[in-house]
Amino acid sequence: MSNQTINYQYRKALPNSQLDYYDAKAAVDDIEPGAYQHLPYTSRVLAENLVRRCEPSELEACLSQLIYRRRDKDFPWYPARVVCHDILGQTALVDLAGLRDAIANQGGDPASVNPVVETQLIVDHSLAVEHAGFEADAFEKNRAVEERRNEDRFHFIEWCKTAFENVSVVPAGNGIMHQILT
């Protein structure tokens, strides 16, 4: 399946605007009237994702899993964005770089290997404290130490920003992930 929207059955125009939305409530309630209001919030998020992206022939079966809280069928999940912290996110990018090498060794186009959805790598677990906060310029001193210790790692992360499509990086020193996403 491509990364494009494929299911238009419950796509509706938002009144008084030029925007469209996906009516997950209507889709769920068409299967079981009134069921949407009893779904947990996370199931509503999954339902909206299914209404937007699921193959039309599979939609009812997938939504029924949520409504009746069954686990007998896997259903597709297409996140709009993936956010990774630096420790595991960098590992995933190393794997993608390795896959590019393997594709190139087989004569393929390594540039074809990219994350399917927007991926943000947030470098927030990197700063070690060598200089206490009461010292003048403690933050800048700690950042300089970190840059020296992780020069190769940061170089790879910078390369990823330009080498891969759909990858952006929030560099070290800009706060922790929870601050950035709230």
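## Close-up views of a predicted protein model

**Figure 1. Contacts across the chain.** Of the contacts (heavy atoms within 4.5 Å) in the protein between residues at least 6 apart in sequence, 60% join residues at least 24 apart. This is a predicted model, in which local features need pLDDT of at least 70 and side-chain atom pairs count only at pLDDT 80 or more, while totals for chains, interfaces and linings use all residues. Residues are numbered from 1 along each chain as its sequence is written, and side-chain values use heavy atoms, with hydrogens and water left out.

**Figure 2. The whole fold.** Welcome to the overall layout: the protein has seven helices and five strands, and its pattern along the sequence reads β-β-α-α-α-β-α-β-α-α-β-α. Here helices (H or I, at least four residues) and strands (E, at least two) are DSSP runs, numbered from the N terminus. Along the principal axes, the C-alpha atoms fill a box of roughly 65 × 50 × 40 Å. The radius of gyration of the protein is 22 Å, whereas a compact globule of 182 residues would have one near 16 Å. That radius is taken over C-alpha atoms, and the globule rule is 2.2 Å times the number of residues to the power 0.38.

**Figure 3. Asn-49, a buried residue in a helix.** Look for Asn-49 in helix H2 (residues 41–53). Asn-49 has a relative accessible area of 6%, so it is buried (buried means under 20% relative accessible area, exposed over 50%, partly exposed in between, with a 1.4 Å probe and protein chains only). Not counting residues up to four places away in sequence, Asn-49 touches Cys-54, Pro-76, Trp-77, Tyr-78 and Pro-79. Across the protein, buried residues make up 32% of the 182 residues.

**Figure 4. Arg-69, a loop residue with a positive phi.** Arg-69 sits in the loop between helix H3 (59–67) and strand S3 (81–85). Although Arg-69 is not a glycine, its phi is positive, at about 50°. With a relative accessible area of 52%, Arg-69 is exposed.

**Figure 5. Asn-166, another loop residue with a positive phi.** You will find Asn-166 in the loop between helix H6 (151–163) and strand S5 (167–170). Its phi is positive, about 70°, although Asn-166 is not a glycine. Asn-166 counts as partly exposed, at 36% relative accessibility.

**Figure 6. Confidence along the model.** The mean pLDDT (the predictor's confidence in each residue, from 0 to 100) is 87, and 91% of the residues reach 70 or more. Confidence is highest in helix H1 (residues 24–31), at a mean of 97, and lowest in helix H7 (residues 177–181), at 61. Where pLDDT is low, the predicted coordinates should not be read in detail.
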